[in-house]
Amino acid sequence: MARPETDRLRRRGRLLAGWLFTALIAVVYFLLPGGGEEPVSLEPTPAETADAASGPRQLEILEVTPARPSSGRAITITYTGANDE
């Protein structure tokens, strides 16, 4: 007869431990710093405005090889006009 009571105590202990870990995770989550970062702005930055004023950037395709690719095969594209900023 001691067995069902022992099982019940173990079950209660596990349940209590589960709730304590859940509470601990919630407390740690709310104690973490909020980030303090500025929210993303939808306004263009001065650099973006300057780029837009000079015209859109365009890529010029120089070569595509192979000229007649078959499906599932890789192709290579050679181009100019990309700025690495």
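**Worked exercises: loops, patches and a cis bond**

Leu32 lies in the loop between helix 1 and helix 2 (46-53), helices being DSSP runs of H or I with at least four residues and strands runs of E with at least two, numbered from the N terminus. Everything here comes from a predicted model, where local features need pLDDT of at least 70, side-chain atom pairs count only at pLDDT 80 or more, and totals for chains, interfaces and linings use all residues. Numbering runs from 1 along each chain as its sequence is written, and side-chain values use heavy atoms, without hydrogens or water.

**Exercise 1.** Which residues make the nonpolar surface patch, and what ring geometry do Tyr29 and Phe30 have?

*Solution.* First, list the members: Phe21, Leu24, Val28, Tyr29, Phe30 and Leu32 make a patch of about 720 Å². (Members have over 30% relative accessible area and no salt bridge, with nonpolar side chains joined within 5 Å; a salt bridge is a Lys or Arg side-chain nitrogen within 4 Å of an Asp or Glu carboxyl oxygen; areas are Shrake-Rupley with a 1.4 Å probe.) Then look for rings: the structure holds one aromatic pair. Tyr29 and Phe30 form that pair, 5.3 Å centre to centre with 80° between the planes, hence edge-to-face (centres within 6.5 Å; under 30 degrees is stacked, over 60 edge-to-face, the rest tilted). Both Tyr29 and Phe30 are exposed.

**Exercise 2.** Where is the cis peptide bond, and how far apart are the C-alpha atoms of Gln58 and Thr80?

*Solution.* Check omega: from Thr65 to Pro66 it is near -10°, and the bond is cis. Then place Pro66, which is found in the loop between strand 1 and strand 2. Finally, take the C-alpha atoms of Gln58 and Thr80: they are 22 residues apart along the chain and separated by 8.6 Å.

Definitions and conventions
Rings of Phe, Tyr and Trp (its six-membered ring) pair if their centres lie within 6.5 Å; planes under 30 degrees apart count as stacked, over 60 as edge-to-face and the rest as tilted. Buried means under 20% relative accessible area, exposed over 50%, partly exposed in between (1.4 Å probe, protein chains only). Patches are made of residues with over 30% relative accessible area and no salt bridge: like charges are joined within 9 Å, nonpolar side chains (Val, Leu, Ile, Met, Phe, Trp, Tyr) within 5 Å.
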